[in-house]
Amino acid sequence: MEKTEKNGYAERGAKILVVDDDEQIRRALKSILSVRGCRVSTAGDGSLGLNLAIENTPDLVVLDVSLPDMSGIEVCEELRAWYAGPVIMLSIRSDEPDKIRALDCGADDYMTKPFSTGELLARIRAQLRRAAPGSSVVREYETGALKIDIPQRRVAFAGREVDLTPTEFDILALLAKNMNCVITSRMILESVWGEDCAQDTQALRVHISHLRKKIEPDSVPRYILTEPQVGFILAGLPKESSARA
């Protein structure tokens, strides 16, 4: 990072993604940030924003709560499945519950529209300073012949793509992000289905069974192991150069 007299800390070269359905805001922020040496990409909806984040991981995301195709909350939750950088949420709503919801979903800061450009720049600088330099962003997990791409929501076994349902992927992704650690049934249920379904262990067992049929090469589980009376674990196995499909 370079220091300048004008800005104190100018995050020159920082990659910033702006996701907002207001074209004027996108243009203004791109102009303001580009002048300060940032590399700015913009998106007018959540789907494009997520794709841009996957293609070129940003150092910081400025994200509007209200988007035409999905909410900023949903976008933030999708990002937090793999993205570790700072997220600043923008909204026309200043109610405390909305701020709490945004922060609980993984946002690092929250600003109400209309906002001062100077204050937004200051908050961007502050978030970039706090972000750990070179902090690792884990996009893929690999164990044995199994590869799990979190942002793309794709799974491959021995080089062949595996077709999982959204729920099956969410379960596998949770296990992958905690590889070699036992995740209790309750934790999986609350994370994937919500607190209201925390007791539905039968549904979880059914999904685990379907997952095993799709990724286990043998009748004896090697990847998803059961910890009796506790939960499940994704075993970290040595990478396989070739495996049976």
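The legends below describe close-up views of a predicted model of one protein chain.

View 1. Helices are DSSP runs of H or I with at least four residues and strands are runs of E with at least two, both numbered from the N terminus. Residues are numbered from 1 along the chain as its sequence is written, and side-chain values use heavy atoms, with hydrogens and water left out. As the model is predicted, local features need pLDDT of at least 70 and side-chain atom pairs count only at pLDDT 80 or more, while totals for chains, interfaces and linings use all residues. The C-alpha trace spans about 65 × 40 × 30 Å along its principal axes. Of the 245 residues, 42% count as buried (buried is under 20% relative accessible area, exposed is over 50%, and partly exposed is in between, with a 1.4 Å probe and protein chains only).

**View 2. The largest pocket, with a volume of about 500 Å³.** A pocket is an open set of points on a 1 Å grid over the protein atoms alone, where a 1.4 Å probe fits, with protein on both sides within 12 Å along at least five of seven lines; lining residues have an atom within 4 Å of a point. The volume is the space filled by probe spheres set on the points, which are joined across faces, edges and corners. The lining has 23 residues, and E77, E78, A81, R153 and D170 lie nearest the centre. At least two lining residues come from each of α2 (46-55), α3 (72-79), α6 (166-177) and α7 (185-192). By type, the lining divides into 13 nonpolar, three polar and seven charged residues (nonpolar: Ala, Val, Leu, Ile, Met, Phe, Trp, Tyr, Cys and Pro; charged: Asp, Glu, Lys and Arg; polar: the others, Gly among them).

**View 3. The largest nonpolar core, of 50 residues.** Such a core is a set of buried Ala, Val, Leu, Ile, Met, Phe, Trp, Tyr and Cys residues joined through side-chain atoms within 4.5 Å. The residues with the most contacts inside this core are L63, M89, I148, L172, I224 and L234. Helix α6 gives the most to this core, with seven residues. Apart from it lies another core of 18 residues, including V18, C38, F115 and L120.

**View 4. L172 and V155, in contact with each other.** Contact means heavy atoms within 4.5 Å. Beyond its neighbours within four places in sequence, L172 also contacts I148, L164, L211, I215, I224 and L234. V155 belongs to strand β8 (residues 154-157) and is buried, at 2% relative accessible area. Leaving out residues up to four places away in sequence, V155 touches several residues, among them L146, R160, V162 and F169.

**View 5. K113 and P114, joined by a cis peptide bond.** Omega of this bond is about -10 degrees. K113 is in the loop between β5 (109-112) and α5 (117-130), and P114 is in the loop between β5 and α5. K113 is buried, with a relative accessible area of 16%. The side chains of K113 and D20 make a polar contact at 2.9 Å (a pair of N or O atoms within 3.5 Å, one able to donate a hydrogen and the other to accept it; residues adjacent in sequence count only if both atoms are side-chain atoms). Residues touched by K113, not counting those up to four places away in sequence, include I25, D64 and L90.

**View 6. A158 and Q229, with positive phi.** A158, not a glycine, has phi of about 55 degrees. The loop between β8 and β9 (160-162) holds A158, which is partly exposed at 30% relative accessible area. For Q229, also a residue other than glycine, phi is near 65 degrees. Q229 is in the loop between β11 (224-227) and β12 (231-234) and is exposed, at 84%.
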